[in-house]
Structure formats: structure tokens, C-alpha cells
Amino acid sequence: MISKRIYTGFDLIKLIAAICIIAIHTKAPFLNIIGRLGVPFFAIVSSILFFNHYQRLTKYKERKDYLLKFCRRIFLLYITWQVIYLPIAVRQWKVIMVSLKGNSFKNMLVYLVDFFFPAVYNSKGVDLTQDANGWGPSWYLLASIIALPVLIGLLRLFKQRTLPVFIICAMVEVYIILADEFSDWTHLSPIMNHTFLRLLIYFCLGYLIVCYHELLHLWSKYSVQLLVVCFCLFLVESLIVGHFTGNYNTEEIITTVPTGFLLALVAMNYYPRLHYPVQVRNMSTFLYCFQIWPIVVMRKVFETRGWESQHLILFLVVLIISFVCFFLYEKCRQHFKWRFLKYMV
């Protein structure tokens with residue numbers, strides 16, 4: 001078990017990861033590659049913080065209540081932002097109904113599936129859900145609500161034996177890599193990439209860090225060097241995959257898991273001095289959830305100006321807008337004290 005403290009390293013690197021995830025969606029060069037470590041880092045950190053408290057609880061009801069509390073918090077975060085994205089969702093609903101040729105009961109069921117399983121792509125990179133709920137990044141929140149209970153269920157099924165659970169999670173990850181990085185050769189469907197199955201390995205790694213923290217601490221003095229090596233291999237692998245496939249921004253590659261794991265270990269032992277750690281923590285969540293609105297608006301502006309290829313400028317503009325809106329949000333939250341505002345982060 002790791003000690004209870006404020007992990008400012010987690011907070012700072014989560015903010016950097018959120019910025020790099022914006023780079024993915026704005027196609028900012030190089031930073032979009034680094035951004036692929038964002039979701040793995042988020043998932044591992046969430047798992048560490050969750051299981052560090054969960055494992056201290058001894059009674060079944062206490063653990064159940066804590067799990068429900070975690071899922072409820074994520075769901076409230078999702079539903080609050082879903083309300084904010086309703087205008088885009090309504091627009092996409094009209095587009096989807098036209099493509100499905102009618103508002104039949106069957107088509108409505110298809111739409112509901114697309115709504116709650118967003119950002120599902122086929123092997124050609126086509127979004128099968130047609131952005132039904134208006135914000136693709138919501139897949140991570142919805143997947144987290146499912147992945148954590150599934151992992152806990154697996155641990156209970158195997159009576160807390162970590163090896164078989166890890167093997168199952170690793171096998172799922174192998175399929176995802178084969179369907180993503182090696183899709184040109186395997187022709188497997190990448191349909192699981194934005195579902196709870198992708199998060200299983202990362203939640204499992206967070207659990208292992210909590211369970212074997214003392215053992216890992218013995219190797220912590222080598223963690224920075226190992227991270228540098230893995231990060232370089234991650235960049236090289238991404239560039240090689242991009243050279244052969246034309247996609248320099250692959251979702252999941254072989255080095256993603258070890259690099260994300262080592263990044264979490266380094267962040268756990270890194271304590272930068274932050275004057276407002278809670279604000280930094282809230283900022284990372286806000287940036288991740290808010291980004292789609294300025295991206296949608298500014299893309300329209302860039303298209304009218306003929307700036308479609310100016311991805312780096314788009315990234316910087318969206319980032320500035322997101323920061324400004326966060327500080328406005330903070331002012332509103334402090335002044336109005338409305339309950340729904342706290343659910344946004």
C-alpha cells in the first residue's frame with residue numbers, strides 16, 4: 001500500500017497529458033504522438049488512487065459503496081458535459097437519421113448504441129458512430145465506469161490472484177495492438193480501441209503498483225532512465241509505423257503500455273511544488289472535456305479562411321481558448337456556488 005499524500009507529480013503530468021490530447025484532436029505535429037500516452041497515464045493514475053483507498057477497506061459493503069461512489073462521480077462528470085454538448089449531439093442526430101433513412105425503432109436503437117459507445121472506428125479509420133453524442137473523448141469516461149467494476153470482478157473471480165487477471169488483460173491488449181498497429185497485416189477490427197477493454201490493462205497496472213509498491217520502490221532509482229529509454233523507443237516505433245502505414249498517430253503500439261507504466265511510476269515519485277494543486281488537477285479534467293467545442297468552432301473558422309492545413313496554429317488557438325474558459329469557469333464556480341459547476345471537474 002502506498003502512503004496517502006497529494007501527488008503533485010500526477011497533477012502536473014495529467015495537465016501536460018491533457019494538452020497533448022488536444023494536440024491529437026487538432027492534429028498538431030509531434031505533440032499528437034506524445035498525446036497517445038495521455039489516456040494510459042490517466043487510467044493508471046485513476047487506478048492507483050482508487051485502489052490505494054479501496055484496498056484499505058476491509059468490509060464488502062465499504063468496498064462496494066466506494067466503487068459506486070467512484071462510478072457515480074465519473075457518471076456525473078459525463079452527464080454534466082453531455083448536457084453542454086447537446087447542441088452538437090442534436091446536429092449529429094439529424095445527420096445520423098438521414099444516413100439511416102428514417103426514424104424507425106431499429107434506427108433509434110442503433111443511434112442509442114452509437115451514443116453510449118462513441119468514437120468506434122473501423123479498419124479504415126471511419127467513425128462508425130458518426131460522433132453521435134457530440135464529443136468523442138467521452139468514450140474514456142464511459143469506458144472507465146465499466147472497466148473498473150470488470151477488473152474488480154475478475155479479481156474476485158480469481159480470488160485476488162493477480163497473475164491470471166494480468167494475463168487476461170494482457171491478452172486483450174495484444175489483440176488491440178494487433179488490430180491497431182498491425183491492422184494492415186492482420187485485418188482485425190479495431191472496434192475495441194475506444195471501449196472499456198482497452199482500459200483493462202491500465203487499470204490492472206495501477207492495481208499492481210498499489211499491491212507491489214514496496215518491490216517497485218526498490219527499482220525506483222532506475223525508473224527515470226528506463227522511462228527515457230521506453231519513451232525514445234515509443235517515438236521511434238511511432239515513426240516506423242507511420243512510415244509504413246502513413247499514420248504517425250496510432251492509438252496503441254507495443255511500447256505504449258511500458259511507457260505509460262513507467263511514466264506513472266516516475267510521476268508518483270515526483271513532487272513539484274505547486275501553489276494550487278487542486279486547480280491544476282481540475283484544469284486537466286476541464287481541458288479534456290471542454291476541448292471539442294473550441295475545436296468544432298475554430299475548424300469552421302479555419303475552413304472559411306482556407307487554413308485547413310494549419311494544425312499547429314489551430315492547436316495553439318484551441319489551447320488558449322480552453323485556458324481562458326477554464327479561468328472563467330473558476331470565477332463562476334467561486335462566485336455562484338452552483339452545484340452542477342463542481343460536477344464539471
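A residue counts as buried under 20% relative accessible area, as exposed over 50%, and as partly exposed in between (1.4 Å probe, protein chains only). Cys204 is buried, because its relative accessibility is 2%. This is a predicted model, so local features need pLDDT of at least 70, side-chain atom pairs count only at pLDDT 80 or more, and totals for chains, interfaces and linings use all residues. Residues are numbered from 1 along each chain as its sequence is written, and side-chain values use heavy atoms, with hydrogens and water left out.

Stay with the cysteines. A disulfide is a covalent bond between the sulfur atoms of two cysteines. Here the test is a pair of cysteine sulfur atoms within 2.5 Å. How many disulfides does this rule give? The count is zero. For Cys204, the closest cysteine sulfur belongs to Cys169. That sulfur is 4.2 Å away, too far for a bond. Cys211 is in no disulfide either. Its nearest cysteine sulfur, that of Cys204, is 9.2 Å away. Cys211 is partly exposed, with a relative accessible area of 30%.

Now turn to the helices. Helices are DSSP runs (H or I, at least four residues), numbered from the N terminus. Asp65 sits in helix H4, residues 60-84. Its relative accessible area is 35%, so Asp65 is partly exposed. Ser223 belongs to helix H12, residues 223-245. Is Ser223 buried or exposed? Ser223 is buried, because its relative accessibility is 6%. Leaving aside residues up to four places away in sequence, Ser223 touches Leu262 and Val266. Contact means heavy atoms within 4.5 Å.

Next, look at a pair of helices. H5 covers residues 86-100, and H15 covers residues 292-305. Their axes come within 11 Å and cross at roughly 60°. Axes are lines fitted to C-alpha atoms, for helices over the stretch in contact, and angles run from 0 to 180 degrees between N-to-C directions. H5 and H15 are therefore oblique to each other. Angles under 35 degrees count as roughly parallel, over 145 as roughly antiparallel, 65 to 115 as roughly perpendicular, and the rest as oblique. H5 brings Pro87, Ile88 and Arg91 to the contact, while H15 brings Ile292, Trp293 and Val296.

Finish in the loop between helix H7 (138-157) and helix H8 (162-180), where Lys159 is found. Lys159 is not a glycine, yet its phi is positive, near 55°. Lys159 is exposed, because its relative accessibility is 67%. Gln160 lies in the loop between H7 and H8 too. Its phi is also positive, about 65°, although Gln160 is not a glycine. Gln160 is partly exposed, at 37% relative accessible area.

Definitions and conventions:
Helices (H or I, at least four residues) and strands (E, at least two) are DSSP runs, numbered from the N terminus.
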